[in-house]
Amino acid sequence: MAKAMGLAVEPISTQVIPRDRHAMYFATLGVVASSMERFATRIAICSAPRCGERQEYFSAGQKGSSSMPHKRNPVLSENLTGLARMVRAYVMPAMENVVLWHERDISHSSVERMIGPDATVTLDFALKPARRDDRPAGVYPENMQRNLDRLGGLVHSQRVLLALTQKGSPREDAYRLVQRTP
């Protein structure tokens with residue numbers, strides 16, 4: 001099985017595998033969970049009425065906020081954010097397990113028996129709905145344009161700064177000029 005998976009024998013081994021291998025696995029799960037949370041948070045922010053650029057799928061009869069019936073809370077994004085926190089919480093015990101006491105006590109494996117299945121299953125559970133793109137969601141380009149227009153062109157400040165410096169203006173002078181411009 002190890003050969004089929006491209007795994008080799010541990011070059012320097014004692015009774016147990018060095019726990020830095022496990023720590024790397026959990027750290028990778030934590031990074032994947034964080035990337036998923038970043039995406040989910042962006043959708044949730046864009047779903048807020050003050051932004052209104054994006055909305056999660058909302059089925060007929062689905063309830064939004066328990067106290068404000070008009071709201072359509074981004075439930076999936078909120079759930080993914082919470083699950084990502086749980087997966088990341090398992091990274092620290094895995095890192096603390098790297099140092100072994102005489103390579104034989106069970107304080108490390110007792111932690112791994114808990115965090116191994118839990119972190120893996122939690123991330124798998126979270127990624128399944130995160131991958132689901134087949135349900136219609138609201139995307140509102142007119143709100144995107146309204147939000148850009150509301151800024152009065154400020155989104156172009158970097159371009160203006162660079163143009164001024166390319167024409168010979170010292171960067172600090174150009175920066176102050178662009179910053180003062182309403």
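A disulfide is a pair of cysteine sulfur atoms within 2.5 Å. A search of the whole structure finds zero disulfides. The structure is a predicted model, in which local features need pLDDT of at least 70 and side-chain atom pairs count only at pLDDT 80 or more, while totals for chains, interfaces and linings use all residues. Residues are numbered from 1 along each chain as its sequence is written, and side-chain values use heavy atoms, with hydrogens and water left out.

**View 1. Two cysteines, C46 and C51, without a disulfide.** C46 is in no disulfide, and the nearest cysteine sulfur, that of C51, is 4.3 Å away. Seen from the other residue, the cysteine sulfur closest to that of C51 is in C46, and the distance is too far for a bond. Residues are called buried under 20% relative accessible area, exposed over 50%, and partly exposed in between (1.4 Å probe, protein chains only). C46 has a relative accessible area of 8% and is therefore buried. C51 is also buried, with a value of 13%.

View 2. R19 lies in helix α1, which covers residues 19–47. Helices here are DSSP runs (H or I, at least four residues), strands are runs of E with at least two, and both are numbered from the N terminus. R19 counts as buried because its relative accessibility is 7%. The side chains of R19 and E112 are joined by a polar contact of 2.5 Å. A polar contact is a pair of N or O atoms within 3.5 Å; within protein, one must be able to donate a hydrogen and the other to accept it, and residues adjacent in sequence count only if both atoms are side-chain atoms. Contact in the wider sense means heavy atoms within 4.5 Å. With neighbours within four places in sequence left aside, R19 is in contact with N97, V98, L100, H108, S109 and E112.

**View 3. A119 and T122 in helix α4.** A119 is found in helix α4, residues 107–131, and T122 has its place in helix α4 too. Is A119 buried or exposed? A119 is buried, with a relative accessible area of 0%. Leaving aside neighbours within four places in sequence, A119 is in contact with F26, L29, V87 and Y90. T122 is buried at 14% relative accessible area. A polar atom of the T122 side chain lies 2.6 Å from the backbone oxygen of D118. A119 and N147 are 28 residues apart along the chain, and their C-alpha atoms are separated by 39 Å.

View 4. Side chains of opposite charge can pair when their charged atoms come close. A salt bridge is a side-chain nitrogen of Lys or Arg within 4 Å of a carboxyl oxygen of Asp or Glu. How many salt bridges does the structure hold? The structure holds five. One of them joins the side chains of R88 and E37, with 2.7 Å from N to O. This pair links distant parts of the chain, with R88 in helix α2 (residues 75–89) and E37 in helix α1, 51 residues apart. R88 counts as partly exposed at 30% relative accessibility, whereas E37 counts as buried at 14%.

View 5. D20 and R21 form a salt bridge whose closest N and O atoms are 2.7 Å apart. D20 is partly exposed at 37% relative accessibility, and R21 is partly exposed at 39%. In the salt bridge of R176 with D173, the closest N and O atoms are 2.8 Å apart. R176 and D173 are separated by about one helical turn, because they are three residues apart in helix α7 (residues 171–180). R176 is partly exposed, with a relative accessible area of 43%, and D173 is partly exposed with 38%.

**View 6. A nonpolar patch that includes L148.** L148, L151, L154 and V155 form a nonpolar patch on the surface, with about 340 Å² of accessible area together. Patches are made of residues with over 30% relative accessible area and no salt bridge; like charges are joined within 9 Å, and nonpolar side chains (Val, Leu, Ile, Met, Phe, Trp, Tyr) within 5 Å. Accessible areas come from the Shrake-Rupley method with a 1.4 Å probe, and for residues only the protein chains shown count as cover. L148 is in helix α5, residues 141–150. At 42% relative accessibility, L148 is partly exposed.
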